[in-house]
Amino acid sequence: MRGLYLITNDDPIQQLLTKLQAALATGQVAILQYRRKKVQRSAQPQEIEQIKALCEQYQTPLVINDDLDFAVQFGLGVHLGQSDGEVADAVARLAQGAIIGRTCVGSLELAEQAIHEGASYVAFGAIYATPTKPEAGCIGITVLQQAQHAFDVPICAIGGLSVENSQPVIAAGAGLCAVISDILALPVEKIPMRVNAWAKLFAENI
């Protein structure tokens with residue numbers, strides 16, 4: 001797992017699907033995460049079905065944010081925050097080889113525990129200030145450098161990332177860069193070019 005980690009926003013679902021198709025059709029999205037904080041839970045299964053079909057069409061892994069039950073129901077991976085259940089439970093309930101991510105904020109200790117329990121990748125952030133989670137603060141890139149040397153699973157950076165500011169983040173050890181607005185805030189016609197700019201950035205920082 002290496003490259004752009006795209007997280008859904010709260011656009012109306014048809015608008016979101018159009019934008020996701022534009023992004024996924026490039027073949028340059030490493031992982032897509034379903035995260036819809038403003039959509040009622042009862043409406044989410046239908047959305048997941050639609051986005052899962054799109055991801056299957058473009059052979060892009062899909063993970064569900066913070067909801068292990070949905071991940072189990074749809075046979076998908078999951079990303080768990082610190083208050084959203086245990087990695088070990090996800091390992092026990094999901095299919096072998098399912099992607100399991102864990103938010104570790106800025107803590108190497110939390111990352112070590114998550115990897116021990118079976119996490120596929122560990123996520124650190126917010127790297128930079130972000131309007132999506134203004135309460136998160138920003139942790140900078142030193143923890144990414146430390147994690148790169150300490151762990152042998154992919155390191156995911158999240159928070160305020162853009163093509164313009166992420167070269168140091170990738171150089172510090174982030175194999176995945178998680179973004180929302182840098183892609184999905186754009187008009188649909190500009191999305192493929194932006195996704196390809198991310199792919200170029202990763203290719204230049206191997």
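Modeller: Axes are lines fitted to C-alpha atoms, for helices over the stretch in contact. The model before us is a predicted one.

Colleague: How is the packing of two helices described?

Modeller: Two packed helices are described by the angle between their axes and the distance between those axes. In this structure, helix α1 (residues 13-24) packs with helix α2 (residues 44-57) at an angle of about 15°, and their axes are 10 Å apart.

Colleague: Which orientation do α1 and α2 have to each other?

Modeller: Angles under 35 degrees count as roughly parallel, and α1 and α2 are therefore roughly parallel to each other. The crossing in which α1 passes α2 is right-handed.

Colleague: Which residues make the contact?

Modeller: On α1 they are Ile13, Gln14, Leu16, Leu17, Leu20, Gln21 and Leu24, and on α2 they are Glu47, Gln50, Ile51, Leu54, Cys55 and Gln57. By class, the contact of α1 with α2 has 8 nonpolar, 4 polar and 1 charged residues.

Colleague: At what angle do α1 and helix α9 pack?

Modeller: Helix α9 (residues 191-204) packs with α1 at an angle of about 45°, with the axes 8 Å apart. The two helices, α1 and α9, are therefore oblique to each other. Here too the subject is handedness: α1 passes α9 in a right-handed crossing.

Colleague: Which residues of α1 and α9 make this contact?

Modeller: Lys19, Ala22 and Ala23 of α1 meet Ile191, Pro192 and Val195 of α9. The residues of the contact of α1 with α9 comprise 5 nonpolar, no polar and 1 charged.

Definitions and conventions
Residues numbered from 1 in each chain as written. Predicted model: local features only at pLDDT ≥ 70, side-chain atom pairs only at ≥ 80, totals over all residues. Heavy atoms only, no water. Axes fitted to C-alpha atoms, helices over the stretch in contact; angles between N-to-C directions. Helix = DSSP H or I, 4+ residues; strand = E, 2+ residues; numbered from the N terminus. Parallel < 35°, antiparallel > 145°, perpendicular 65-115°, else oblique. Left-handed = near helix turned anticlockwise from the far one by under 90°. Contact = heavy atoms within 4.5 Å. Nonpolar A, V, L, I, M, F, W, Y, C, P; charged D, E, K, R; others polar.
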